[in-house]
Every structure is written in C-alpha cells, then in structure tokens.
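Welcome! Have the sequence and the 3D view ready, and try each task before you read its solution.

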Amino acid sequence: MMNMRISLKKPAVWALLIALTTWNVAVAKDEKKKQSIYQNTEVLARGPNGLVVTVSDILSEVNKMNPAMRSDFFKNQANVRQIANNLLVRRILAAEAQKEKLDRDLVVQAAMVVAKDRVLSDARLNQMDVANEPTEKAIEAYAQSKYRANIEKYEVPAQTRASHILIEKKDENSLKEAQSLVTKIKEGAKFEDMAKEFSKDPGSASRGGDLGFFTAGRMVKTFEDATNALAKPGDISDPVESQFGYHIIRLDERQAKTVTSFDEVRLQLMSEARADLLSQKRVQKVQAITNTMNFEDKAIENFSKEGLEAMTQK
C-alpha cells in the first residue's frame with residue numbers, strides 16, 4: 001500500500017501543538033516543589049463498594065486548569081467538594097459500566113487507550129519541560145529580541161487632552177449663545193463652571209467639560225481640526241459646528257508619541273519568552289516523532305468511504 005509521510009506544515013498538526021503547549025508549560029517549573037502534595041492519597045469522598053476520591057484525584061483535575069485559575073480554585077472549599085462529587089459520580093458509573101461488561105466493547109477499549117495516551121503524553125511533555133527549563137539569561141535574551149523585533153506593538157500614539165462645552169443646535173440663536181460663552185470665558189469666567197452650567201454633553205459636563213485623553217481619529221473631523229489648531233494648553237476655540245451642536249474647545253495637554261520601555265513590560269515578556277522556548281523544544285520533539293510516522297493512504301480512503309456511508313444511512 002502507498003504511504004505518506006506527515007509534514008508539520010499542515011494546519012491541523014500545528015493546532016495540535018498549540019494545544020499541547022498551552023497550560024501544562026507553567027506546571028513544569030514548580031513540579032519538583034509540589035511532589036509531596038501530589039503524592040497525597042488522603043480520601044476526600046467515599047462512595048458505595050469502597051469507591052473513593054483522593055487528593056491525587058482532585059489534583060489531576062486541577063492540573064487541567066489554566067494556571068492563573070488554580071489559586072482561586074483552592075480559595076473556596078466548595079470547589080473541591082464539587083470536583084470530588086463529579087469524580088465520584090464518574091467513578092461509580094465506571095464501576096457500573098464494568099459490571100455491564102461495557103469495557104469489552106472495542107470502541108470503548110479504543111477510547112480508553114486514547115485517554116491513557118493523552119494523560120501519559122502530557123506527563124511526558126511536562127517531564128521534558130522540567131529538563132528543558134531555560135536559564136534566566138536565555139529567557140532575558142529571547143525576551144529582549146522579541147521586544148526589539150515587535151517594537152511597534154509597544155508604541156503609544158500621540159494623545160491630546162481637551163475639554164469642551166456643547167451647545168445644542170436649536171435655532172439661529174444657538175451660535176450666538178456659544179459665542180457669548182466664549183466671550184465670557186475670555187473675560188475671566190471659569191471654563192469648568194460654564195461647562196457644568198451650560199454644556200449639553202452628559203458625559204463631560206459634570207467634569208467641567210473634561211474629555212480626557214484621545215488619539216487622532218477618535219473625534220469628529222471638525223472637532224479634531226479645531227483642537228489641532230490650538231497652539232498651547234489653555235487656548236480656547238471659537239464655536240465649532242458638528243452634527244452634535246456647537247463646541248467650545250479648550251486645549252488642556254498634549255503628549256507626544258512614546259514607546260513603552262522593556263522594563264515596563266518585562267514580566268509579561270519574560271513569561272511569554274519562557275513559554276516560547278519550552279514550546280520550541282516540544283515542537284522539535286513532535287517533529288522528530290512525525291518524521292518516523294507513515295500513513296496508509298488506501299486504508300484511510302476505504303475507512304473514510306465506509307464511515308461516510310454508515311453515518312449517512314437512514
């Protein structure tokens with residue numbers, strides 16, 4: 001029969017690798033420290049016919065969780081009780097299945113083998129992670145290189161902070177009202193007080209018209225153009241018309257474009273770098289394994305046809 005060697009360039013295989021490298025990577029670093037608790041066989045729940053759930057059973061489930069969720073899990077005893085309940089129900093049902101000789105079913109047997117393979121392969125990957133734990137120096141170097149290669153991700157665009165007073169467009173007197181407010185402010189009236197009293201913008205009026213910081217393109221064009229035309233903080237615009245009404249704008253502050261420093265994102269990058277380095281080792285291992293694999297094309301073709309016929313029969 002013809003056979004075909006698999007390539008890791010195939011999307012489905014890469015998806016598998018991603019799944020393998022998600023949560024268990026974080027387990028490996030502390031695995032040695034936690035060996036004592038993982039060996040604990042204390043019984044937490046008991047069922048009929050001597051069936052029990054132990055600490056080790058619970059930890060096997062906790063290991064499947066996202067590492068960030070594990071501490072929260074143990075903060076609530078009800079979580080432990082719920083997992084123990086679920087495991088014991090399954091254990092009792094499994095015992096009943098064996099009594100009914102369901103474990104002799106070929107498909108069930110195959111599923112049990114696959115489940116065992118999954119558990120053992122994950123354990124092997126975790127063991128590899130412990131052995132392949134990168135040094136702090138290697139993690140730092142990788143994180144630095146990743147930061148430099150993706151520096152655009154850490155750019156903070158230029159921002160403007162402004163305040164405004166919005167006068168609703170009701171009739172020809174609306175513009176005169178806005179112009180009158182500009183005159184009062186330039187004569188010494190406090191902008192914030194005018195905004196609280198006269199602005200029709202419910203989101204900013206109570207804050208004295210403060211809109212906070214915004215980047216280019218966030219405001220309507222007439223508003224943005226008028227703001228950009230203001231030379232220095234404290235400058236007040238003439239009334240600017242938009243679909244919302246007439247705006248009286250005060251420039252409060254400008255911040256130039258900046259770049260978030262490596263130190264500011266170091267913890268995140270170091271965590272990502274460590275995961276990447278361990279993932280690379282896993283990928284190398286899986287690639288080496290796939291290079292030894294062959295697929296029987298004819299058998300796959302026949303099985304696919306039989307499976308399709310079986311599933312489409314009415």
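The model is predicted, so local features need pLDDT of at least 70 and side-chain atom pairs count only at pLDDT 80 or more, while totals for chains, interfaces and linings use all residues. Residues are numbered from 1 along each chain as its sequence is written, and side-chain values use heavy atoms, with hydrogens and water left out.

**Exercise 1: The whole chain**

Task: Find how many helices and strands the chain has, and what share of its residues is buried.

Solution: 
- Step 1. The chain has 13 helices and 10 strands. Helices (H or I, at least four residues) and strands (E, at least two) are DSSP runs, numbered from the N terminus.
- Step 2. Of the 314 residues, 29% are buried. Buried means under 20% relative accessible area, exposed over 50%, and partly exposed in between (1.4 Å probe, protein chains only).
- Step 3. The accessible surface of the chain is about 21,100 Å², and carbon and sulfur atoms hold 55% of that surface. Such areas come from the Shrake-Rupley method with a 1.4 Å probe; for residues, only the protein chains shown count as cover.
- Step 4. Among contacts in the chain with a separation of 6 or more, 69% join residues 24 or more positions apart. Contact means heavy atoms within 4.5 Å.

**Exercise 2: H9 and H10**

Task: Describe how the axes of helix H9 and helix H10 cross, and list which residues meet.

Solution: 
- Step 1. Two packed helices are described by the angle between their axes and the distance between the axes.
- Step 2. H9 covers residues 173-186 and H10 covers residues 191-198; their axes come within 10 Å and cross at roughly 155°. Axes are lines fitted to C-alpha atoms, for helices over the stretch in contact, and angles run from 0 to 180 degrees between N-to-C directions.
- Step 3. H9 and H10 are therefore roughly antiparallel. The cut-offs are under 35 degrees for roughly parallel, over 145 for roughly antiparallel, 65 to 115 for roughly perpendicular, and oblique for the rest.
- Step 4. The crossing of H9 and H10 is right-handed. A crossing is right-handed if the near helix is turned clockwise from the far one by less than a right angle, and left-handed if anticlockwise.
- Step 5. From H9, Glu-177, Leu-181 and Ile-185 meet Phe-191, Met-194 and Phe-198 of H10.
- Step 6. Sorted by class, this contact of H9 with H10 has 5 nonpolar, no polar and 1 charged residues. Ala, Val, Leu, Ile, Met, Phe, Trp, Tyr, Cys and Pro count as nonpolar, Asp, Glu, Lys and Arg as charged, and the others, Gly among them, as polar.

**Exercise 3: H7 and H12**

Task: Work out the crossing of helix H7 and helix H12, then sort the residues of their contact by class.

Solution: 
- Step 1. The axes of H7 (residues 106-131) and H12 (residues 266-290) come within 10 Å, crossing at roughly 125°.
- Step 2. That angle makes H7 oblique to H12.
- Step 3. H7 and H12 have a right-handed crossing.
- Step 4. H7 brings Arg-124, Leu-125, Asn-126, Met-128 and Asp-129, which meet Leu-278, Lys-281, Arg-282 and Lys-285 of H12.
- Step 5. The classes in the contact of H7 with H12 are 3 nonpolar, 1 polar and 5 charged residues.

**Exercise 4: H4 and H5**

Task: At what angle do helix H4 and helix H5 pack?

Solution: 
- Step 1. H4 (residues 55-62) and H5 (residues 67-75) pack at about 140°, and their axes are 11 Å apart.
- Step 2. This makes H4 oblique to H5.
- Step 3. Ile-58, Leu-59 and Val-62 of H4 make the contact with Arg-70, Phe-73 and Phe-74 of H5.
- Step 4. By class, the contact of H4 with H5 divides into 5 nonpolar, no polar and 1 charged residues.

**Exercise 5: Positive phi**

Task: Find where Asn-49 lies and what its phi is.

Solution: 
- Step 1. Most residues other than glycine have a negative phi.
- Step 2. Asn-49 is not a glycine, yet has a positive phi of about 60°.
- Step 3. Asn-49 is in the loop between strand E2 (43-46) and strand E3 (52-54), and is exposed with a relative accessible area of 78%.
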